[in-house]
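Welcome, and please open your viewer. We will go from stop to stop, selecting a few residues each time.

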Amino acid sequence: SPPAAAEPRHASPAAPRRLREKLRTAARMAGPPAHTAPGSRQQVQGGERRAEPATGDPPARETRAPFRFDYERFHRSLRHPVRGRRAGEDPETRSRRMKIKEMMKFAWDNYKQYALGKNELRPLTKNGHIGNMFGGLRGATVVDALDTLYIMELEEEFQEAKKWVEKSFDLNVNGEASLFEVNIRYVGGLLAAYYLTGEEVFKSKALELGEKLLPAFNTPTGIPRGVINLSSGMSWSWGWASAGSSILAEFGTLHLEFLHLSELSGNPVFAEKASTPQCLVMNIRKVLNRVEKPQGLYPNFLSPVTGNWVQHHVSIGGLGDSFYEYLIKSWLMSDKKDSEAKKMYDDALEAIEKHLVKKSAGGLTYIAEWRAGFLDHKMGHLACFSGGMIALGAEHAREERKQRYMDLAAEITNTCHESYERSDTKLGPEAFRFDAGTEAMATRLSERYYILRPEVVESYMYMWRLTHDPKYRQWGWEVVKALEKHCRVEAGFSGIRDVYTTTPTHDNMQQSFFLAETLKYLYLLFCEDDVLSLDDWVFNTEAHPLPINHTNFKA
């Protein structure tokens, strides 16, 4: 096992509390939600009001005008119209995009009819599902769908979703929430909706919810724990996580959203700089840079108390995946100024390529998992995002690596396509293996299901944008046909329990990420490149677009 990390600097227990005060003030300054048509450009309201301290609070150290984010300037800085110009497209591409728009409307209409306000739709039984992942928050599908509805120009449906957020989205809940899931779905979804439309309600809700997540950082290292009570602020690690550890993909997938919380709150001056959301997530990098990486790899479990790895399991799929994604995207979102993120990504990819990338006897390239020095020759569906990630990074790699990484991205994306192609339904299993003569197929009953996951079509979308090879659109259209044939039911879309039978059993769940990610990536695959252009936006790991910081938009 690696040597103990250097003694971490302990986070001040008061720091997240002070930051909560900041974000509360910023949310309050947003004022009442403004009622404007979607897409209207509007100034952030409330800029002229000063925050009034609560009775008995100490006075602010300084009294200067509160920060105000200039939405008008931000919107003018975008290099392309959010929804693109739709110039010169061929009729087949347009008709395929319209089909995907119809699927989104069908998914939304059934959710609205049978489950509005619940977290997901159960399409077979025509009712809603709440679950216990979001700490009592409701409407996960609403918040996840907002930006997709907007981009697809489903105006009436977008207004329905916005109205629910305004009137019914209650943040005063008492329950155990996944810090990771609440951040990527709710905070990410609200931030994206604000940046796309300028509607104040989305910003104020994002800031208020972000405030509730901060106590999770109250650990000796500042590495947040995975579960938080949104009312009491108590946090703890998942019961299944080794020795009370935090999960790499969870604490490593906060950076994009927290930087935007920092951007929009403006860090009011009565709190110390060290407790900004930006510093909380930058501290995570400090801990990771201190600890020794076995063969340059990042294991999935880290102690939030000692800052040491708890066990040596490395995966580009579940438990690890979006940590790597957020490194390259943090660099891109910083307008290529965050050199630390770029170096961490480059070094990690080099170690992955050296130790985990393998080629099967049949010539398929895959990324194996690593367990204390031994390789497990499997890939999860979740790991199939990596083709798109590697392609995105290859665009900005050193010249001698650029083509190698584009080739690697194409090979991995092809392998994930094969996992779909080799099933009876033409949809891919949750995990597939490369052993005992099996290639790109699930060998265990527990891995044969498909729950409307987006990662494969996500890579198709990136590969299309970066190469314009028509096969990626064709592969995406095959997924559309398979979804229609096997997952569409009378009242929505459902996952299936076995991709290797043409008469699959449905799981009765329309996941919120199907609307946030799967349908959005498919739609963008058949759009021109200027729709949510990669020049202007990065997608969080729930496919919520967040803007690249081309400049500072303090009003």
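Start by selecting E181, D321, E430 and E455, which the UniProt record, an unreviewed entry, annotates as "active site". UniProt positions are given in the numbering used here, feature names are shortened, and such annotations may be inferred rather than shown by experiment. Before you zoom in, note that this is a predicted model, in which local features need pLDDT of at least 70, side-chain atom pairs count only at pLDDT 80 or more, and totals for chains, interfaces and linings use all residues. Residues are numbered from 1 along each chain as its sequence is written, and side-chain values use heavy atoms, with hydrogens and water left out.

**First stop: two of the annotated residues**

Centre on E181, which sits in helix α6. Helices (H or I, at least four residues) and strands (E, at least two) are DSSP runs, numbered from the N terminus. E181 counts as buried because its relative accessibility is 14%; buried means under 20% relative accessible area, exposed over 50%, and partly exposed in between, with a 1.4 Å probe and protein chains only. Leaving aside neighbours within four places in sequence, show M133, F134 and Y186, which are in contact with E181; contact means heavy atoms within 4.5 Å.

Now jump to E455, in helix α15 (residues 455-467). Its relative accessibility is 8%, so E455 counts as buried. With neighbours within four places in sequence again set aside, E455 is in contact with H381, L382, C384 and F385.

**Second stop: helix α5**

Select residues 155-168, helix α5. Which of its residues are buried? They are E157, F158, A161, K162, W164, V165 and E166.

Select the open sheet with the order β9-β12-β13, whose three strands pair in the antiparallel sense. Two strands pair if DSSP finds at least two bridges between them. At the edges are β9 (313-314) and β13 (374-376), each pairing on one side only. Strand β12 (residues 369-371) joins β13 over three bridges, and W370 stands opposite L375 in β13.

Move on to β15 (residues 431-435) and β16 (residues 438-441), an antiparallel pair with three bridges. D435 has T438 as its bridge partner in β16. Two residues lie between the strands of this hairpin, where A436 takes a positive phi near 50°.

**Last stop: the whole chain**

Zoom out to see 17 helices and 20 strands. Of the 555 residues, 62% count as buried.

Conventions
Expected span 1.5 Å × (residues − 1).
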